[in-house]
Amino acid sequence: MALDGDVEVMRYLTGRARARAEVLEEWLPVMSRDAGTDGSLGYWAGRTVAGFVGWWCLNPAPEDPGDAELGYRLRRDAWGHGYATEGALALLAHGFENVGLDHVWAQTMAVNRASRAVMERLGLEFERTWVGEWNEPLPGWEQGEVAYGLTLQEWRARP
Ligand SMILES: CC(C)(COP(=O)(O)OP(=O)(O)OC[C@H]1O[C@@H](n2cnc3c(N)ncnc32)[C@H](O)[C@@H]1OP(=O)(O)O)[C@@H](O)C(=O)NCCC(=O)NCCS
């Protein structure tokens, strides 16, 4: 419960900690659905010698087999070491070079500076912003969401 059970980790996601039962009964089925069915995309757990640090995902877009959404969620004690960027780079390489994706994107709240910094370190380009409608809006919701992305062509052109 060092991830969804930590309110700081969930600050820009739910704004509150999730209980274990809620993760198992409600969130895991959603993760499983979003991961797709062919096994080439989905969720990866990350570990260091000290143990589990968090997960990364590359989830297929239901309507476009060439498109996938990148995500990451790390334990608070694993922040500030470069792990999120390192793991996400490995997923970009997998997605573009092994799976044959032609576009990867990521989204977050505009106010989630740490997540945006990961996207920028990865070389993802800002694509769009929008303001959503939420039943329980989180602080900063009025600044909207942002999406960043990278095409296969841009991936190949990286220095
Ligand atoms: C978003 C999240 C994964 C970012 O984690 P992070 O540790 O800041 O990101 P990185 O792994 O890229 O690490 C970069 C930091 O490590 C530092 N660092 C230390 N050693 C490093 C190394 N060898 N290589 C690279 N960076 C290193 C960098 O200087 C940077 O620190 P700074 O932000 O103080 O400048 C993390 O904040 C998180 O899990 N948040 C909660 C979940 C969430 O919001 N997910 C996104 C929802 S869309």
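Author: A salt bridge is a side-chain nitrogen of Lys or Arg within 4 Å of a carboxyl oxygen of Asp or Glu. This is a predicted model, in which local features need pLDDT of at least 70 and side-chain atom pairs pLDDT 80 or more, while totals for chains, interfaces and linings use all residues. Numbering runs from 1 along each chain as its sequence is written, and side-chain values use heavy atoms, without hydrogens and water.

Reader: What makes R76 and D6 a salt bridge?
Author: The closest N and O atoms of R76 and D6 are 2.9 Å apart. That is within the limit of 4 Å, so the pair qualifies. R76 lies in the loop between β3 and α2 (83-99) and D6 in the segment before α1, so the bridge ties together parts that are 70 residues apart in sequence. Helices (H or I, at least four residues) and strands (E, at least two) are DSSP runs, numbered from the N terminus.

Reader: Why is D6 called buried?
Author: Buried means under 20% relative accessible area, exposed over 50%, and partly exposed in between (1.4 Å probe, protein chains only). D6 has 13%, so it counts as buried.

Reader: Why is R18 called buried, and what does R18 touch?
Author: R18 is at 14% relative accessibility, so it counts as buried. R18 sits in the segment before α1. A contact means heavy atoms within 4.5 Å. Leaving aside neighbours within four places in sequence, R18 is in contact with M1, D4, G5, M10, V23, W27 and R73. D4, R18 and R73 are linked in a network of salt bridges.

Reader: How do you know that the length of α1 agrees with its number of residues?
Author: The expected span of a helix is 1.5 Å times one less than its number of residues. Helix α1 (residues 20-34) has 15 residues and should therefore span 21 Å; its end C-alpha atoms are 20 Å apart, which agrees. Just after α1, G36 takes a positive phi of about 85 degrees.

Reader: Which residues of α1 are buried, and what covers them?
Author: E22, V23, W27 and M31 are buried in α1. The cover includes β1 (42-48), β2 (51-61) and β3 (64-74).

Reader: Why are H103 and L150 called buried?
Author: H103 has a relative accessible area of 16%, so it is buried. L150 has 2%, so it is buried. H103 is found in strand β4 (residues 103-109), and L150 in strand β6. Residues touched by L150 include H103, V104, G123 and W155. L150 and G123 are 27 residues apart in sequence and 7.5 Å apart in space, C-alpha to C-alpha.
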